[in-house]
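Please open the structure in your viewer and keep the selection panel to hand. The stops below follow one another as a tour, each naming what to select and then what is there.

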Amino acid sequence: MIYARFVPPALLLASVWAATAGAQNRPTTQTATVRTERTVWSDEGPRKWAPRPTTTAITANDLRTRLYQFADDSMMGRRIGEQGNYKGTAYIAREFKRLGLKPAGDSGGFFQTLPFGPIGFDSATARLSAGGRTLQPKKDWIPTAPSLANGFGGAAEINGIPAVYAGQWGDSTAMIDANAYRGKVIVFSAAPAARAVAPSTGAPVSFVSCADVPDKFGANAAIAEEARQRANPTAAPARRAVPTVLRDPRATGVGAVAVLVIGLDDMSQAAVNGAFAQPMGMRPSTVLNPNAPAAATISRDAAEAIFGKKPSDLRVGDVGAPVTASFSHAWRMSPHPARNVIAMLPGSDPKLAGEYVLVGAHNDHVGVNSVVVDHDSVRAYNMVVRRQGSNDPVCTPTAEQQRKIDSLIKVARATRAPRRDSIMNGADDDGSGTVVLLELAEQFAREKPGRSILFISHQGEEGGLLGSRWFTDHPTIPLDKVVAAHNMDMVGKGRNWQVKYGGPNSVQMLGARRLSREFGDMIDSVNANIAEPMVIDKSWDVPANPLNRFCRSDQVNYVRKDIPTVYMSLGYAVDYHQQTDEPQYIDYDHSARLGRFVHQVMTAIANRPNKPAIAGPDPTMPTCIR
């Protein structure tokens, strides 16, 4: 396999490199910044960058000024629905406004708000009491989230309803009299817990030796490995049987108003704590099990408070104290709304101005990691065994690999103190695309292209391409008037040791000919006639779809609407979805060159008399189900 082995000369650091380390990433002389610490890595620039006014031209230092703000630790990883992301979208909107662009979001503003927020039970308002005793959440009871499997509803609003014991949950052999339970709170004992699995005495199976991890560095290697796996498939893991006791038809068949299951004491603390978790998501289109009774799990002590005797002494038909409950599994809008940011530069040609050339990048990342790591140690490990960051699995290094990792860490320790890190800054993914988007906006704002230019900062790409899906399903401009779309994701790292076929003018390009052969031809024609041509790597743009590459970013939703779309990236590198994806490792000169290329492509399309002809989907190319 190509590049299966780690090649130290291109990557390894050394203290003697102090005068040249980070040369690729060093600011121009006239704007050099004094470093507060010595650098460790060959691609490392300054830790901090003082903002300065940006210029009309797309330049490396303008990108630095923008990205060091946008991917700063204070932005807390810009996770959708969180404050850091909200601050990031506010910055983008301010820039669009400063540049004089026209708002193109909802209600005459720059924002298009997604219905995104937490869903779950609110521990502050959830109530359950019996016989005049208030039961304490987590200690005495937890609500049960509705699911298709359990059949429960999500809301309980009852006052003084008698409780009746009905035996063991899931015991379908025991019939119960509907007349005795209709309109009551029905109480079950949980089924006996499954036998506990003895803890493993060996290493987890996921920690395989790095010697056994296939190389997928570059499209060709990924294609070869994926083909090998298809030809020699391993047995799929056995599907875990779904216990029939997850749903007990007696709970709803008798017309109960609520269900309580005695089983809290046997649950793990993690499960108990998770009952009031409120994961973020898009507003559900329908209410799950809307007419079914809500449910909760209670402790043995709570059951004794209801019935006045131990659960082990209960008999079917026993009547307990009246139960009062108020809790609801509900969705609500995030206090920090998730927002696409959309701006438009009106076209100057009356015949073309009603059509749009679109350019986008996503503004979100993945927030703060629960795991705190040493920054340089993670980089050392990834340099040796995870050259594509989280695209490559965690594995146990071989003895030789471990020596290389240790040597890197040793040099780092001799240079600076350890730095604990948990923030997933997302400088490359996709802070780099965002700041190039802003640079494009600044340059176009001083020009007069024939067609209108639409700038869109997509929200929620990391959450499942949410913002681009919402925009294409709820467009703020006529979607059929978009003649071409350009998506930029991870355009900050493309050095020759970071990606296959990398270099100072490389770009990975996918999708330009999937709907419009002419669109791809136009891009190639522009590239052949400009002063700074790019070396276009099309090796990822193949039917094999290595690493599912084409289906993992926002271009998917434009293709879904039959809009000619191209995805541009400089590629995956060692910091992909890692705590180390920070502004000091971006190749700003390369990003600026890519930005100038995108500007020239968009200008050609914006001024061309005819829009790219759509030939229809290429049946040989992969489709993405979204």
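**Helix pairs, disulfide and backbone**

Begin with helix 10 and helix 14, where helix 10 passes helix 14 in a right-handed crossing; a crossing is right-handed if the near helix is turned clockwise from the far one by less than a right angle, and left-handed if anticlockwise. Helices (H or I, at least four residues) and strands (E, at least two) are DSSP runs, numbered from the N terminus.

This is a predicted model, in which local features need pLDDT of at least 70 and side-chain atom pairs count only at pLDDT 80 or more, while totals for chains, interfaces and linings use all residues. Residues are numbered from 1 along each chain as its sequence is written, and side-chain values use heavy atoms, with hydrogens and water left out.

Stay with this pair and select residues 427-444 for helix 10 and residues 588-607 for helix 14, whose axes come within 10 Å and cross at roughly 50°. Axes here are lines fitted to C-alpha atoms, for helices over the stretch in contact, and angles run from 0 to 180 degrees between N-to-C directions. Helix 10 is therefore oblique to helix 14, given that angles under 35 degrees count as roughly parallel, over 145 as roughly antiparallel, 65 to 115 as roughly perpendicular and the rest as oblique. Now show the side chains: Val436, Leu440, Gln443 and Phe444 of helix 10 meet Ser591, Gly595, Val598, His599, Met602 and Thr603 of helix 14, a contact being heavy atoms within 4.5 Å. The residues of this contact divide into 5 nonpolar, 5 polar and no charged (Ala, Val, Leu, Ile, Met, Phe, Trp, Tyr, Cys and Pro count as nonpolar, Asp, Glu, Lys and Arg as charged, and the others, Gly among them, as polar).

While helix 10 is selected, look at aspartate 430, which is found in this helix and is joined to aspartate 429 by a cis peptide bond with omega of about -10°. Then select serine 107, which has a positive phi of about 50° although it is not a glycine, and which lies in the loop between strand 1 (102-103) and strand 2 (111-113). Most residues other than glycine have a negative phi, and most peptide bonds are trans.

Next, select helix 8 and helix 9, whose axes come within 9 Å and cross at roughly 145°, in a crossing that is right-handed. Among the residues making the contact are Ala380, Tyr381 and Val384 of helix 8 and Ile405, Leu408 and Ile409 of helix 9; by class, the contact has 9 nonpolar, 2 polar and 3 charged residues.

Which residue forms a disulfide with cysteine 210? Select cysteine 395, for these two cysteines are linked with their sulfur atoms 2.0 Å apart, a disulfide being a pair of cysteine sulfur atoms within 2.5 Å. The link is right-handed, with 95° about the S-S bond. It joins distant parts of the chain, 185 residues apart, with cysteine 210 in the loop between strand 8 (185-189) and helix 4 (219-231) and cysteine 395 in the loop between helix 8 (375-385) and helix 9 (399-415).

Finally, colour by pLDDT, the predictor's confidence in each residue, from 0 to 100; the mean for the protein is 90, and 90% of its residues reach 70 or more. Over residues 194-205, however, pLDDT stays under 50, and the model has 0 contacts beyond four places in sequence for them. Where pLDDT is low, the predicted coordinates should not be read in detail.
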